[in-house]
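The sequence and the model follow.

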Amino acid sequence: MKMKRALGAISATALAALWSVPAAAAWTLNLRQGVTELSHDIYNLHMLIFWICVAIAVTVFSVMIYSIATFRKSKGAVSASFSHNTTAEVVWTLIPVMILVAMAIPAARTLVKIEDTSGSELTIKVTGYQWKWQYDYVDEGVSYFSTLAQASNEARQLDSGVDVYRVENYLLDVDNPLVVPVNTKVRVLVTAADVLHAWWVPDFGMKKDAIPGYINELWFKAEKVGTYRGQCAELCGRDHGFMPVVVRVVEQAEYDSWLAGQKAARQAAAAPAAQTAAATTNNETTTVLVANAE
Amino acid sequence: MSASQTHGHAAAHDHHDDHGPAKGILRWLTTTNHKDIGTMYLVFSLVMFFIGGAMALVIRAELFMPGMQLVDPGFFNTMTTVHALIMVFGAVMPATVGLANWMIPLQIGAPDMALPRMNNLSFWLLVAAFSLLILSLFMPGGGPAAGWTLYPPLVLQTGDAFPLAIFAIHLAGASSIMGAINIIVTIMNLRAPGMSLMKMPLFTWTWLITAYLLIAVMPVFAGAVTMLLTDHFFHTTFFAAAGGGDPVLYQHIFWFFGHPEVYIMILPAFGLVSEIIPTFSRKKLFGYDAMVYATASIAFLSFIVWAHHMFTVGMPLAGEMFFMLSTMLIAVPTGVKVFNWTATMWRGSLTFEPPMLFALAFLFLFTIGGFSGLMMAIAPVDFQYHDTYFIVAHFHYVLVPGAVFAIMAGVYYWMPKWTGHMYDVKLANIHFWLSAISVNVLFFPQHFLGLAGMPRRIPDYSTQFADWNMVSSVGAFGFGLSQLLFVYIIIKCARGGARASDNVWEGAYNHGLEWTVPSPAPYHTFEDAPVVK
């Protein structure tokens, strides 16, 4: 009895440990619920369709298994001669149609919500490069690059000899994460400077392709403070696997002071440097415009 | 059946001017015989299956553990790219073309393919195409590494391999178009008297529809890669935004080809399963007409769903809505097929020889691939699934235990007819069980990886993905090694074994003209057309 209880306690602790440390929950089976309204909607839709598929699978597979088990020649089964049945065929054409309509309605509703970027409170431009991200706080004049963290970068070299299990957030860590305030509708403008990339944070439920010459939009409104990690999701060359996305969602006050710090640092840095940077950006824009005019 | 009588008559006469195959290597270089060409296609496809498979094992070996242990990330990308190109264009498609070459004339009572010299050319073009593609691996700058979809602008960064790969695709495409023309002309003109379209065996039917798909989309793909070529060498900017072009245009053109292309791989598989399940259920195929119409509907829908491969590209809402709904519709005709196969087994008299085992595994596992396909059709959820291992799991489920298992079922079904020998059934059963178990160990965990957030086409991953990757890699090596058994069984069967009867399978007696010719099928068959009642 005692033994049983001890075992129970141990397994309960183990389970609790598995649940509480997301990074250790390695045998994950399902989609993450995420931390935004969209990610919740998407998760629910995913589960709805999953269970519909399970229901269909159970029905269809049981008929198959029953047939395989029952209508065996070795059991003396003699084949019947029928080869069609109009009623059955009409029924199993119409029922799927009805199930599909039932799926399409909530799907369409969520899709409309996803594409509605109106009423955003903060706009950030994300530019993909081989192989890093640039974040532009469009209305704040704050802009910086975000690349794979040094520790991960050293460990991921061929035969580096580093035990990657000892690297914190291996391949999912960056030098400068994106910082956004909690409970704020953030509009992300996604583009790329060289080849295709895709900006993706699973916990926000969204990914969008970053395409040179295009500006794509997505939005999220994180409901929980925390650090959320994702990756480039469109093959972009040799180091495609090594340009993670890290977003820190913080309280509004912390965001404000972080932003003020960024601005101050920018001003403190030599003014001429900033001007050169601005000039370069302008030049790039001009080149593209001229090319288009041609 | 009158067909066998006619054949008996043909065998008694007409043999004074009969000539067998040429001797030595010339036989294979110059042959215009559909059976020889079919055999060459099948052997070629098997060789490619192993080359592409070896590349897959390089991928799975690197992904066995987190951290980079074996290959450079650039070479890893080459492996994923060339693995896909070889498996799609070098293994699965030629295998179904090989089966078509062997079996369509036998199924419709024709003496050969309608355009035998073009048949020879289309095979040897394929050999040239894949020699070039494999050669491209050794070019300065490495092989093609932009993914089998060859998306610009990334693909334009390819080194000297670029023109070789494009030319390889052009040759393979030309070969496919010739093969397709040949199949259509054969089916339209050389059917035996009385063999109306709606009496044709399902394998022939699905290939007729597949051939039309090939003719419709292969030139589109050729156009897309030609534009890549001029963008790279002649300073055009079809796909470069800076020059007024559009990188997304390429994706639309590619997938307008690419979606029908996946049906080009699966429709013949549907045909094979529709032949095999009735034979081993000792019953006629349930709902023949519905099967034909469902195949045609799937082919039609394949032209209007392409952008579901690019939901995250930034389409207008109306576009996303359209492609979501049209894609969901595919579930209806596909469902009809699965239900009809099930109804064929219902109240049948089933036996479980190797072809039936593979067909049944197809039935279950293809359906699982169908379910994940339906999930991905739902655009909002696809924003999560897109470009993750969930997608990898999905398309491998429909291609490996889907198309490849159906092809293996077809080979086990007709091999006694080709060689005149029954293969080692015990070994074939072992091959089946090893394959069926390892393929699930290989691909099922990839669903979990994708849902957990692992992107596809990455050479290394965060430690949270380590466990399922290890399982998947173990499955991969199990599956790869099991296929050596397949080769052994084929070689052993070609060399000898118990004599196969003309009927081969007990249930085959009224399932098509191919069972009315002797085993092995003589070099020339149906020189006088059989009469079908």
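In this predicted model, strand S2 (residues 132-137) of chain A pairs with S3(A) in the antiparallel sense, over five bridges. One of the residue pairs is A:Tyr137 with A:Val142, the latter lying in S3(A).

Both strands belong to an open sheet of five strands in chain A, with the order S3-S2-S1-S5-S8 and mixed pairing. Strand S3 (142-146) and strand S8 (216-220) of chain A stand at the edges; each has a single partner strand, so one side of each is left without a neighbour in the sheet. On average, neighbouring strands of this sheet are turned by 25° against each other, direction ignored. In general, the strands of a sheet pair through backbone hydrogen bonds, in either the parallel or the antiparallel sense.

Strand S10 (residues 244-250) of chain A has two pairings to report. Strand S4 (residues 178-181) of chain A runs parallel to S10(A), with four bridges between them, and A:Leu178 has A:Val247 of S10(A) as its bridge partner.

| Strand pair | Sense | Bridges |
|---|---|---|
| S2(A) and S3(A) | antiparallel | five bridges |
| S4(A) and S10(A) | parallel | four bridges |

Chain A as a whole has six helices and ten strands. Of its 294 residues, 33% count as buried. Among the contacts in chain A with a separation of 6 or more, 67% are between residues 24 or more positions apart.

Does the length of helix H2 agree or disagree with its residue count? Helix H2 (residues 37-70) of chain A has 34 residues, which at 1.5 Å a residue should span 50 Å; the end C-alpha atoms are 49 Å apart, and this agrees. The buried residues of H2(A) include A:Leu38, A:Asp41, A:Ile42, A:Leu45, A:His46, A:Ile49 and A:Ile56. An α-helix has 3.6 residues a turn, so residues three or four places apart point the same way. Within chain A, the buried residues of H2(A) pack against helix H3 (86-114), strand S7 (206-210) and S8. From chain B, helix H11 (331-345), helix H12 (354-377) and helix H13 (379-385) also pack against them.

Chain A is divided into domain 1 (37-75 + 84-114) and domain 2 (122-285). The centres of these two domains of chain A, taken over C-alpha atoms, are separated by 40 Å. Four residues from domain 1 and six residues from domain 2 of chain A make up the contact. On the domain 1 side, the residues that touch domain 2 are two nonpolar, one polar and one charged.

The last topic is the contact between the chains. Here 83 residues of chain A are in contact with 82 residues of chain B. At least two residues of the chain A side come from each of H2, H3, S7 and helix H6 (271-293) of chain A. H3(A) gives the largest share, 14 residues. By class, the side of chain A that touches chain B has 51 nonpolar, 18 polar and 14 charged residues.

Conventions: Residues numbered from 1 in each chain as written. Chains lettered and ligands numbered in written order. Predicted model: local features only at pLDDT ≥ 70, side-chain atom pairs only at ≥ 80, totals over all residues. Pairing = 2+ DSSP bridges. Axes fitted to C-alpha atoms, helices over the stretch in contact; angles between N-to-C directions. Expected span 1.5 Å × (residues − 1). Buried ≥ 20, exposed ≤ 12 C-beta atoms within 10 Å, placed from the backbone. Contact = placed C-beta atoms within 7 Å. Domains from an automatic or database assignment. Nonpolar A, V, L, I, M, F, W, Y, C, P; charged D, E, K, R; others polar.
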